[in-house]
Amino acid sequence: MEYRQARSKKLSFKGEAKCAKRAADSSSNSSAPTKRKSKKRNREPEGDKCQSTTGWVPIESLEDLEGPIALYHRDEQLYALAIPPKEEMQARADTNEQAPALYTLDNASLMESEPLSVEQVFAVRRSVPMAGPADAEATMYSLKSFVGTYLSADRHGRLSCASTAIGALEMWTPVLLPDRGDGAIAFMIRPPGVSEDRFLSAETNNTAPEGRPAVLTGSTLPVRIHALGTSIGYSQVFFAKCQAAIKQKRQQAIAATAADSIVGVAPMSGNLAVDEATQAKRFQSFQGGRPRPTAERSMPDLNSAKQAGKYGEGLLDRREKTKSDQVLSDDTSSKTIWLLGIIAATTSTANIVDEPVVVGHNAAIVVLERMAFSPLAIAEAGCSLPTLLDSVLLATGERNDVYAWATGDASVATLKPDLRIALTYPATQKHIDKHRRQLRKWVSETPELYARITKPFIDSQPTSRVQWVHNILSKQVESEHIVFEDPDPDNGFIIVPDLKWDATNTDNMYLVAIVHRRDLRSLRDLTSNHLPLLNNLRSKAAVAAKKYGVSSDQLRLYVHYQPSYYHLHVHITNVLLEGKGMLAGRAHLLDSVIDNIGNIASDYYQRATIPYVLGSSDELWSHWTVQ
C-alpha cells in the first residue's frame, strides 16, 4: 500500500523554517557590500549550522532512541511503520484496534527517507523513567503514537495501538544490531502468559506463522507485522531514525558533563538553591522541573557536604530524598492527588521478597487529600465569624450584589490540620498502576470466563500481596486500632478503620471487616455454607459502628468485585459517605449477597455472570485482552 500522495510532503519541525530562511538570506546577501564588520568573525554561518542539525539520522545508541523516532523495515522495498489515518481506519475491519501497519515507500532509500506524516512518528521513552540501572525495566521502552496511544502486543502476537496507558503489553526492550547496518534495531517483548521473549516481526506474505491467528494489518498489505518471532532474523530487523537536532543537542550535553567526576550531577555554581534547582530541571519531570527554591539556611546537610568536599554527592542525595517525579492522577471531587516520587531507601525494602519493586527500591506513592471542615474544630477555636474571616488570607475576590466569593489561605486560621497525607513505600508497579490515571473498561464475566481467565490470575498472586492483611489478623500491626474482633476461625473477623478515614468525622465513617478464613478470596467463593459468617458480620458491624454514634440503619455494607486485594473483606460505611467504591460495577451490597445465596441458589455466585469495571493498566485487564 502506497502512502497517500497528499502526505508526500516533508514534515517540518519547529525551528527548521526559521533556519532555512536565515540560510537563504545569508546566501542572497553574501555579495552585498557591508559597512560594518562583524565582531564574531569566527562564528559558524547560520546556513551551515542549520544544515547539520536538521533532518533525520540513524540512531547509534539507546540514548538516541528517546524522543521522536521513525521506524523502517527493508525488504525488496522500503516500508515505514505507521498508524493508519482516521479515514483509512474507518474503512477497515479492525477499526476498534487501531492496528499499526507498514506502508510502502516507492523509490526511496533508507538513508534519505524521512517521515512524511505524523502517523509515521513515534515518541519513544523509557517505560519506567525512575527505574534504577539494576532493574529490568531500565531497558524497557514505550512507543507512543501521534494520537497518544501506545504500541502493544498480546500473547498471541497481535499488535494494536489503542492503549492510553503503559502496562506489560506496552513495554518493549530494544536490541541494537550495529552489524546489520546503521540504525538497525529489534524490539523484544514478553507479554503476560508467555514463557519466552517475542520480537516485532514483518512477514512478506499474507499468512501469519503456522498455527497462529491472523494479525491486524489487513489482507491487502504485502507485508504483515506481528510479535511472534522468537529469535532475531531478517524479518525482525528494523531501522530507527531520530531527529538530527535532538541527537546533536544530547551529544553536546553529554560532552559538557563528561569531565564531571560525579556521574549524573551537573556543573555546579556553589549557590545551594541555584544548584538544587539546576538538578531538578535536568532530572525531574514533575511540574516541568520547576521546584520551589529552598533557602540555604534550611539546608544544613547540603552545607555540611559542601564544606566536606562532597557537594555533588550531597545534591544527588537531596534530589533522591525529595523529588516528586510524576502526578499519577487527581480527583477534583474528593480533592485528592496521587504523586509518585523517590525517598531514601531504608532497610524496610528488604521486606519485599516475592515481588520486587519495579521502579527501584525507593519508589513511593504519596496521597494528598483535603480534609472536610469540622464543626467541632471551629467551635473549639472559640472565635467569632468576623475573627475567623479575618484570620483567612484572601488572595482574590469578587462581589455581585449581596453575593461575594473569594479564594484564600486558611492555614493561618485556628483550625485543625486540613491535609491528610498517606504513603505507600516501597511502591511496586501494581501500586503505581492502581493509582495512575487510566481508561476504564467494562467486562461481563461469565462462569466460564472466570474459570478460564480470572481464577488462574487470582491463583497466581503471590502471598506477599496480602501479607499486610495477615499481619493485621495476627495482630503484629494495628492491634491498637481494632474496633471489634470475633476470634472464631470459621465465622470470625476483625474490624478496623479504613486508611481512607481520619477516624474523627463520623459522617465519613469507613470501617473494614477482614475475615479470619484465608480460603475466601472474593465474592465468587461464597455459598450458603458461609451464611453464618456473613450474618454474624452484619450484626456485629452494627455493634462496632455504635462506638462512633452511628446506628445500624445508617450503615452501608458491601463487598467489591473485583477487590483491591484477594482476601475476603467487607466495607462498612456511613450512608452519608459517597465515593467511587460504591458505584455499580464494583460494589455488591452485603444484604443482597446474603439473599442471593440464602434464598435463590447456594451456588449463586458460581453460576452468575458478574459485570465489573477494570482499568486499562490493571494487570487483570491484560489477561482479558489476550482472550
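Helices (H or I, at least four residues) and strands (E, at least two) are DSSP runs, numbered from the N terminus. The expected span of a helix is 1.5 Å times one less than its number of residues. The model is predicted: local features need pLDDT of at least 70, side-chain atom pairs count only at pLDDT 80 or more, and totals for chains, interfaces and linings use all residues. Residues are numbered from 1 along each chain as its sequence is written, and side-chain values use heavy atoms, with hydrogens and water left out.

**Helix 13**

Helix 13 (residues 531-546) has 16 residues, so at 1.5 Å a residue it should span 22 Å; its end C-alpha atoms are 23 Å apart, in agreement with that value. Buried means under 20% relative accessible area, exposed over 50%, and partly exposed in between (1.4 Å probe, protein chains only). In helix 13 the buried residues are Leu531, Leu533, Leu534, Asn536, Leu537, Ala541, Ala542, Ala544 and Ala545. Their cover, counted by contact (heavy atoms within 4.5 Å), includes strand 21 (484-486), strand 22 (493-497), strand 23 (510-515), strand 24 (555-560), strand 25 (569-574) and helix 14 (590-600).

**Backbone angles**

Most residues other than glycine have a negative phi, and most peptide bonds are trans. The bond from tyrosine 561 to glutamine 562 is cis, with omega near 0 degrees. Glutamine 562 is in the loop between strand 24 and strand 25.

Where is lysine 475 found? Lysine 475 belongs to the loop between helix 12 (467-473) and strand 21. Its phi is positive, near 65 degrees, in a residue other than glycine, and lysine 475 is partly exposed at a relative accessible area of 41%. Glutamate 478 is also placed in the loop between helix 12 and strand 21. Glutamate 478 is not a glycine, yet has a positive phi of about 60 degrees; it is partly exposed, with a relative accessible area of 24%.

**Cysteines and salt bridges**

The structure holds 0 disulfides (pairs of cysteine sulfur atoms within 2.5 Å). Cysteine 161 is buried at 0% relative accessibility, and cysteine 242 is buried at 2%.

Side chains of opposite charge can pair when their charged atoms come close. A salt bridge is a side-chain nitrogen of Lys or Arg within 4 Å of a carboxyl oxygen of Asp or Glu. The structure holds 15 salt bridges, among them the following.

| Pair | N to O distance |
|---|---|
| Lysine 247 and glutamate 60 | 3.2 Å |
| Lysine 455 and aspartate 459 | 3.1 Å |
| Glutamate 619 and arginine 465 | 3.2 Å |

The side chains of lysine 247 and glutamate 60 meet in a salt bridge. Lysine 247 lies in helix 4 (residues 244-257) and glutamate 60 in the loop between strand 1 (56-58) and strand 2 (67-74), so the pair ties together parts that are 187 residues apart in sequence. Lysine 247 is buried at 8% relative accessibility, whereas glutamate 60 is exposed at 60%.

Lysine 455 and aspartate 459 are both in helix 11 (residues 447-459), 4 residues apart, about one turn of the helix. Lysine 455 is partly exposed at 34% relative accessibility, as is aspartate 459 at 41%.

Glutamate 619 and arginine 465 also form a salt bridge. Because glutamate 619 lies in helix 16 (residues 619-625) and arginine 465 in the loop between helix 11 and helix 12, this pair ties together parts that are 154 residues apart in sequence. Glutamate 619 is partly exposed at 33% relative accessibility, and arginine 465 is buried at 19%. Salt bridges with shared partners join Glu60, Asp64, Lys247 and Arg250 into one network.
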